[in-house]
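Here is a quick tour for anyone meeting this structure for the first time. Have a look at it, then read on.

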Amino acid sequence: MLNVTDVTEFILLGLTSRREWQVLFFITFLLVYIITVAGNISMIMLIKVSPQLGSPMYFFLSHLSLVDVWFSSSVTPKMLENLLSETKTISYAGCLVQCFFFIALVHVEIFILAVMAFDRYMAMAIGNPLLYGSKMSRVVCIRLISFPYVYGFLTSLAATLWTHGLYFCGKIEINHFYSADPPLIKMAYAGTFVKEYSMIILAGINFTYCLTVVIISYLFILIAILRMHSADGRRNAFSTCGSHLTAVVIFYGTLIFMYLRRPTEESVEQGKTVAVFNTTVIPMLNPMIYSLRNKDVKEAMSKVISRTCLTK
């Protein structure tokens, strides 16, 4: 018989055990987190106050920014705390809560990116701004954006219950900086079969579905762009779609690398490195990608800054 103990907390091994590196990482990721929150909230506020950013694309972009703030906040504060702490622990309940929000927000984001691809297809396919506005009405947009939230949180609830079904023994050290599924499965001694294969199957189905929507949408978008007679129209279309496509490739690519593999010692270690980029850098990059490559966003930003300066 195994000597089973009630696990009340886990030890997060984090990114490194070297003290000098921990201080450097703390300063770096604190700055990244501040830039992430400030950048995404600024994007949300800019979309809210700028009439020229009232199209469905920017409505979806504001929700992407909101999810990025939540996504980064579900992981980074605890990581920063543990970088300066001697104990580096997370309670069992805290682990489950972190798992729940992380999985939920990952699913919300991948589906929002798919919805944004579909929106770009509709804009290109319809062509006429008035018809596009009627087809992608406020009601339609709210329905489209509601699905990722409802599906994401329900899926996460099921996945978290499967995590709760894992059995642990003794003092558990998680080779990660947050409560990620792969290292938890690796450390559990029972209940891993359902959790491991449900994680891979669920991730595979969701990624496949979202990627299919994105790929089909962009195939039609490419056809529509190639049919354009105006060079400026093609350039603007490539600029707008390029921002979204860049975000899709980066986010989907890192998640596929992290979750569509069996949890082994090597995959967990590699996944931890990729997770740093996924949970801290990508949420910071998204506002930059959409602002630097988007003419409408840059113009709206200039107008807001000009109005602010004039009022002062």
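In what order do the elements of the protein chain run from the N terminus on? They go β-α-α-α-β-α-α-α-β-α-α-α-α-α, which gives 11 helices and three strands. Helices here are DSSP runs of H or I with at least four residues, strands are runs of E with at least two, and both are numbered from the N terminus.

Keep in mind that this is a predicted model, where local features need pLDDT of at least 70, side-chain atom pairs count only at pLDDT 80 or more, and totals for chains, interfaces and linings use all residues. Residues are numbered from 1 along each chain as its sequence is written, and side-chain values use heavy atoms, with hydrogens and water left out.

**The chain as a whole**

- Of the 312 residues in the protein chain, 48% are buried; that word means under 20% relative accessible area, while exposed means over 50% and partly exposed is in between (1.4 Å probe, protein chains only).
- Take the contacts in the protein chain with a separation of 6 or more: 81% of them link residues 24 or more positions apart. A contact means heavy atoms within 4.5 Å.
- The protein chain exposes about 15,500 Å², with carbon and sulfur atoms supplying 69% of that. Areas like this come from the Shrake-Rupley method with a 1.4 Å probe, and for residues only the protein chains shown count as cover.

- The three strands form an open sheet in the order 2-1-3, and the pairing is mixed. Strand 2 (89-91) and strand 3 (173-174) are at the edges with a single partner strand each, so one side of each has no neighbour in the sheet.
- Two strands count as paired if DSSP finds at least two bridges between them.
- Strand 1 (residues 9-12) and strand 3 run parallel and are joined by two bridges. Leu12 has Ile174 in strand 3 as its bridge partner.
- Strand 1 pairs with strand 2 in the antiparallel sense, over three bridges. Here Phe10 has Ile90 of strand 2 as its bridge partner.
- Lys88 has a positive phi of about 55° although it is not a glycine, and it counts as buried because its relative accessibility is 14%.

**Helix 1 with helix 3**

- Helix 1 (residues 19-49) packs against helix 3 (residues 76-84) at an angle of about 155°, with axes 9 Å apart. Axes are lines fitted to C-alpha atoms, for helices over the stretch in contact, and angles run from 0 to 180 degrees between N-to-C directions.
- Helix 1 and helix 3 are therefore roughly antiparallel. The cut-offs are under 35 degrees for roughly parallel, over 145 for roughly antiparallel, 65 to 115 for roughly perpendicular, and oblique for the rest.
- Helix 1 passes helix 3 in a left-handed crossing. Left-handed means the near helix is turned anticlockwise from the far one by less than a right angle, and right-handed means clockwise.
- Residues making this contact include Phe25, Phe26 and Phe29 of helix 1, and Met79, Leu80 and Leu83 of helix 3.

**Helix 6 and its neighbours**

- Helix 6 lies at an angle of about 160° to helix 8 (residues 192-226), with their axes 9 Å apart. That makes the two roughly antiparallel, and their crossing is left-handed.
- Among the residues that meet there are Tyr151 and Trp162 in helix 6, and Val194 and Leu202 in helix 8.
- Helix 2 (residues 56-73) crosses helix 6 at roughly 25°, and their axes come within 10 Å. Helix 2 is therefore roughly parallel to helix 6, and this crossing is right-handed.

**Zooming in on Phe59 and Arg138**

- Phe59 sits in helix 2 and, at 13% relative accessibility, counts as buried.
- Which residues does Phe59 touch, not counting those up to four places away in sequence? They are Arg138, Cys141, Ile142 and Ile145.
- Arg138 belongs to helix 6 (residues 138-164) and counts as exposed, at 56% relative accessibility.
- Arg138 and Phe59 are 79 residues apart in sequence, with 9.3 Å between their C-alpha atoms.
- Phe59 and Lys48 are 11 residues apart along the chain, and their C-alpha atoms are separated by 8.7 Å.
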